[in-house]
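Welcome! Take a moment to look over the chain from end to end, and then let us walk through it together.

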Amino acid sequence: MKLKRKGIPVLMAVCMSISALLAGCATETKPAASSTTSATTANSDAGKDETIPVGILHSLTGTMSISEVSVKDAEMMAIEEINKAGGVLGKQLKPIIEDGASDWPTFAEKTKKLLQKDKTAVIFGGWTSASRKAVLPVVEQNKGLFFYPVQYEGLEASPNIFYTGATTNQQIVPAVTWLLQNKGKKFFLLGSDYVFPRTANKIIKEQLKAEGGTLIAEEYTPLGHTDYNTIISKIKKEKPDVVFNTLNGDSNVAFFKQLKDAGITAKDLTTLSVSIAEEEIRGIGASVLEGHYTAWNYYQTTDTPENKKFVEAYKAKYGKERVTDDPIEAGYFGVYLWAEAVKKAGSVDVDKVKEAAKGIEFSAPGGKVKIDGDNQHVFKTVRIGQIQADGMIKEVWNSGQPVKPDPFLKTYPWGAEVTKK
């Protein structure tokens, strides 16, 4: 049978419609990616996109913003530098910034959003251990990756977290030993009321027993607390040799100003803080903190060629009045460590990156750092410093070489007493 010429366009239209319908059906039958594997699989090779999304999650508001905004700035600077140098795997890093708002449930919520909705290959963020503890189950459930840049209380090693800040044997334990040897035996423990100070002080109490120290008192106040007059009166009464300070956030502003108002200076009382660095000194005032001690792994005054370039670049980008400090540096080199692991793995797939990261070294501003493949912490040099009138910190002691991370204190005879409680 012959078709009339005028029927040909109709037949062609019908065929084209059927083809389009079949194509649409084929597309719809592709299985959707599981939300619990999105962070691992969605960016296993960053697809055909020209960018790799990475998350930045810090408290940009609330009591912890005094410390965290500057870490965010450092991470953004590292991303910008990496992008200018050609990116990672030939692709630009695309930062997606979220505000944890100094609220731990918000940190968990934002982590879930970054991993499931934004499909980020990694998240850089956090400060308090409370924020990290909130993030941990979310990042594990979603098979994501989180780089945490702040010293903490140890006793943790998540397969989905890299710890670029110090663990206990790289800050608190050597600081206590130094104080016992140089400043006295009687300790007054003061901290904010959450997981880091309480766990840190549990460790310190066991160390004091083992090394001949004495616990005079132990006090905690809520985050954001501002009235320390009662505690200062107790310090005056008890006359400790040392106040070991694990207060966090802007509570430090109130405590040290009220301490000075009470007529107590660094000449009268030794305090050592593990959450006050150059950024906090800038907020509290060098005149208030002059003479007091800190323990970290990096100071703006650390003398390395890499640090000179880092400080100059940070100030050029954010202002001459800005300062660098330990968490700022750890946030900065954490981005580079991840980028180096991705390059080595040839992929942003989480499992491949974790395997590639083992033993990776990087010449950070504070000196060479190396990822410990056993626990995903970093080898770091320990430093104790004294706050100067210009707001800088003068190093008075260091460990001489990077210290292997020991988050569960297995190398200390008394460490077993901490882990079994």
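Helices (H or I, at least four residues) and strands (E, at least two) are DSSP runs, numbered from the N terminus. With that in hand, you can find Lys143 in the loop between α5 (129-141) and β4 (146-148). What you are viewing is a predicted model, in which local features need pLDDT of at least 70 and side-chain atom pairs count only at pLDDT 80 or more, while totals for chains, interfaces and linings use all residues. Residues are numbered from 1 along each chain as its sequence is written, and side-chain values use heavy atoms, leaving out hydrogens and water.

Now step back to the whole protein. It has 15 helices and 15 strands. Of its 421 residues, 56% are buried, where buried means under 20% relative accessible area, exposed means over 50%, and partly exposed lies in between (1.4 Å probe, protein chains only). A contact means heavy atoms within 4.5 Å. Among contacts in the protein with a separation of 6 or more, 70% join residues 24 or more positions apart.

Let us finish with two loop residues. Back at Lys143, phi is near 55°, a positive value in a residue other than glycine. Lys143 is partly exposed, with a relative accessible area of 40%. Ala101 sits in the loop between β2 (92-99) and α4 (104-117). Its phi is near 60°, again positive in a residue other than glycine, and Ala101 is partly exposed, at 29% relative accessible area.
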